[in-house]
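The entries follow in the order in which I looked them up.

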Amino acid sequence: MDDWSPQLFKKNSRGRDVSDTVIENALASARILRRRSAGAPPLFSLRHLSYISGADYGFLRRVVSRSAAPTDYRVFRLRKRACLNGVPRYRVIAIPSPDLMQAQRWICQEVISRVEPHAASTAFSKGSTLVKAVEPHCGCKWLIKMDVRRFFESINEIAVYRVFRRLGYQALVSFEMARICTRMPYSGASKAREAASHSKKWGILPRSMEVISAYSMSTYPMMGHLPQGAPTSPMLSNLVAREFDEKVEELAAALGWVYTRYADDICFSTSEDSSHADCRRVIGMISKVMGKYGFSPNSSKTKISGPGSRKIVLGLLADGDAPRLTRQFRAGIRQHVHYLKKYGPSQHSVARGFLSVIGLRNHLFGLLAYARQVDPIYALSVEDELRALDWAL
């Protein structure tokens, strides 16, 4: 979007049957926004968002009023690699409909991408890489890894609303953008009561929203959360967690630890002498901070690595001077290449449970794209081997 001009806005507003009061109020709102945010464009209403994003206004209105639920997302599950006590676990993915995707992409590109996350947040921001996320922990003596349980689902529309308000957007517009960027996971009266309970820790939306009957929350507070699969969710999660990152970094620094967060993966490390007891105290203090900000730790994924043990951060070895690929990762790639050469892509894809040769090929090149960030020479050599194969169906 081109940079917004108040002079051009004022000029184009004349002669359009718009009162001077409305024009001046709009300009005043825009000035507040420009002072608070990093160049985010003014947004005066839901219809304005519809116009500049190209999304259908009627559909956006239904999304905000939570009456478009059957059509606003395509929901499916992806099985996670690790099981819990032998039971498969799944990740719920919600892909927005084309109109909703269009509005969310505009909000993502023109609003939230202009705001810098906290420096300890190493994912979903411009210039962020796995290597940069792991480097602060390389060569450490002690490493603590924690995981936030249901990270995106823990961030509801109240927290998202506050992000847009802090940027300077008016209350109603902030509320509407928060509704567009969140998804209501509940249905039915019994689930609604669960939603009301879930939302208590976040407070309630301004009652002024109830002057619009379609937005009324008089029956129960319909709390949506960030959907995993929406383009806005990753960066919004960083902005929501900014104050959390500040508090945790301050606490970690006071204790002599380094803190980073990659989405829901939290890491602490220190090069000083410590002990398991000290690490458990750190975990306890961080867990309390999590609770204060509406997060909860996944205790099954909390891990302490001391001197002499392997230290793996985000799948990379961090026990040396620089991040490295693990031996298991290289062995897995080597095994794929061996069987591809021995049996061919068609047989190997069936043996490994892939639906097609293309799926297998995309999977392998995706792994090598990951490896290229860490060891480009190794990744390119394997890519050459794969490209030399006959991938014809």
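Entry 1. Helices are DSSP runs of H or I with at least four residues, strands are E runs of at least two, and both are numbered from the N terminus. This is a predicted model, in which local features need pLDDT of at least 70, side-chain atom pairs count only at pLDDT 80 or more, and totals for chains, interfaces and linings use all residues. Residues are numbered from 1 along each chain as its sequence is written, and side-chain values use heavy atoms, without hydrogens and water.

Entry 2. I found that the axes of α14 (residues 327–351) and α16 (residues 376–387) come within 11 Å and cross at roughly 15°. The axes are lines fitted to C-alpha atoms over the stretch in contact, with angles from 0 to 180 degrees between N-to-C directions. This makes α14 roughly parallel to α16 (angles under 35 degrees).

Entry 3. I listed the contacts (heavy atoms within 4.5 Å): R330, I333, V337, L340 and K341 of α14 meet Y378, V382, E385 and L386 of α16.

Entry 4. I turned to strands, which pair if DSSP finds at least two bridges between them. Strands β4 (residues 258–262) and β5 (residues 265–270) pair in the antiparallel sense over five bridges, and Y259 has F268 in β5 as its bridge partner. The two strands form a hairpin with two residues between them, and A263 in the turn has a positive phi of about 60°.

Notes. Angles under 35 degrees count as roughly parallel, over 145 as roughly antiparallel, 65 to 115 as roughly perpendicular and the rest as oblique.
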